[in-house]
Every structure is written in C-alpha cells, then in structure tokens.
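Subject: Structure handover

Hello,

Please find the structure below. My notes on it follow, and they are meant for someone who has not looked at it before.

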Amino acid sequence: MTYVDGMVAAVPEANKAAYLDHAKKTAELFKEAGALSVVECWGADVPEGKLTSMPMAVKLEEGETVVLSWISWPSKDARDAAWEKLMADERMAGMEMPFDGGRMIFGGFDVLLDA
C-alpha cells in the first residue's frame with residue numbers, strides 16, 4: 001500500500017527562493033532513497049479560519065506563507081527504511097531549514113484512494 005509523509009509549515013515569504021532550493025536538494029535525496037514523488041506547494045489561497053485552519057495550525061505570522069508538501073513512498077516499510085538511511089546521511093545532517101521547524105506539522109498516512 002502506498003504511503004505518504006505530509007507536512008504543513010509557515011515559511012517567511014522572503015525565504016521562498018531558499019525554501020525552493022532546500023526542497024530541490026531534499027527531493028533529490030528522497031528520490032534516491034526510494035520516494036515515488038515529492039510535491040511542494042506554496043500557499044496561494046489559504047484562508048484564516050474561525051475555529052481551525054492551516055494558518056492557525058502553524059501559527060502563521062505576518063510576512064509568512066503556508067506551504068504544503070508530501071512525499072509518496074511505495075509502502076510504509078520502504079518509507080521507514082528510507083528515513084533510517086536519510087537520517088544517517090551526512091548530506092541531510094548539514095541542511096538547515098529556511099523556516100521554523102518547531103511550527104511544522106508532519107505525519108505519515110496510508111493512501112486510501114489515488115485516483
């Protein structure tokens with residue numbers, strides 16, 4: 001069963017180019033480790049909610065944009081093995097995230113439908 005790692009984060013708008021550069025570098029490593037695809041989305045229409053919303057979830061601040069990303073893997077086992085290798089890879093260890101990782105939301109999901 002296909003497995004997806006998903007992430008939502010707040011990125012300073014001034015760091016858009018740095019974020020894209022970081023995303024390209026990590027995507028290359030993820031694909032090398034067995035990822036099927038890596039998708040990065042820059043918020044274009046992400047409204048603030050009254051009860052809950054993506055901006056509220058990441059504590060969006062002035063001058064930031066919500067990003068949505070996901071990595072597709074062939075299976076959870078493939079993903080787990082890949083992350084183990086990636087966490088030991090010195091190329092990953094040297095990368096700095098161009099956003100506040102403390103406000104990032106990250107989770108793994110079994111894919112129910114891929115139409």
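Helix H1 supplies the largest share of the lining of the largest pocket, with five residues. Strand S1 (3-12), H1, strand S2 (37-42) and S3 each give that lining at least two residues. Helices (H or I, at least four residues) and strands (E, at least two) are DSSP runs, numbered from the N terminus.

This is a predicted model, in which local features need pLDDT of at least 70 and side-chain atom pairs count only at pLDDT 80 or more, while totals for chains, interfaces and linings use all residues. Residues are numbered from 1 along each chain as its sequence is written, and side-chain values use heavy atoms, with hydrogens and water left out.

The pocket

The largest pocket has a volume of about 390 Å³. A pocket here is an open set of points on a 1 Å grid over the protein atoms alone, where a 1.4 Å probe fits and protein lies on both sides within 12 Å along at least five of seven lines; lining residues have an atom within 4 Å of a point. Grid points are joined across faces, edges and corners, and the volume is the space filled by probe spheres set on the points.

In total 20 residues line the largest pocket, and Met 7, His 22, Phe 30, Trp 83 and Met 104 lie nearest its centre. By type, the lining divides into 14 nonpolar, four polar and two charged residues. For this count, Ala, Val, Leu, Ile, Met, Phe, Trp, Tyr, Cys and Pro are nonpolar, Asp, Glu, Lys and Arg are charged, and the others, Gly among them, are polar.

His 22 is placed in helix H1. It is buried, at a relative accessible area of 15%. Buried means under 20% relative accessible area, exposed over 50%, and partly exposed in between (1.4 Å probe, protein chains only). Leaving aside residues up to four places away in sequence, His 22 touches Met 95, Glu 96, Met 97 and Pro 98, where a contact means heavy atoms within 4.5 Å.

The cores

The largest nonpolar core has 10 residues: Tyr 3, Leu 29, Phe 30, Ala 35, Ile 71, Trp 73, Ala 82, Trp 83, Leu 86 and Met 92. Helix H1 (16-32), strand S3 (64-73) and helix H3 (76-88) are the elements that give two or more residues to this core. H3 gives the most, with three residues. Apart from this core lies another, of seven residues, including Ala 9, Tyr 19, Ala 23 and Val 67. A nonpolar core is a set of buried Ala, Val, Leu, Ile, Met, Phe, Trp, Tyr and Cys residues joined through side-chain atoms within 4.5 Å. In soluble globular proteins, nonpolar side chains tend to be buried together.

Phe 30 belongs to the largest core and touches Ala 35, Val 38, Ile 71, Trp 73, Trp 83, Leu 86 and Met 92, not counting residues up to four places away in sequence. Ala 23, named in the other core, is in helix H1 and counts as buried at 4% relative accessibility.

Other residues

Thr 65 has its place in strand S3 and counts as buried, at 10% relative accessibility. Its contacts, again without residues up to four places away in sequence, are Ala 9, Ala 10, Val 11, Glu 13, Trp 42, Gly 43 and Leu 60.

Lys 59 sits in the loop between helix H2 (54-57) and S3 and is exposed, with a relative accessible area of 59%. Its phi is near 55°, a positive value in a residue other than glycine.

Leu 112 lies in the segment after strand S4 (105-110) and is exposed, at 83% relative accessibility. The C-alpha atoms of Leu 112 and Met 1 are separated by 8.5 Å, although the two are 111 residues apart along the chain.

The whole chain

The protein chain has four helices and four strands, in the order β-α-β-α-β-α-α-β from the N terminus on. Of its 115 residues, 33% count as buried. Among contacts between residues at least 6 apart in sequence, 82% join residues at least 24 apart.

Regards
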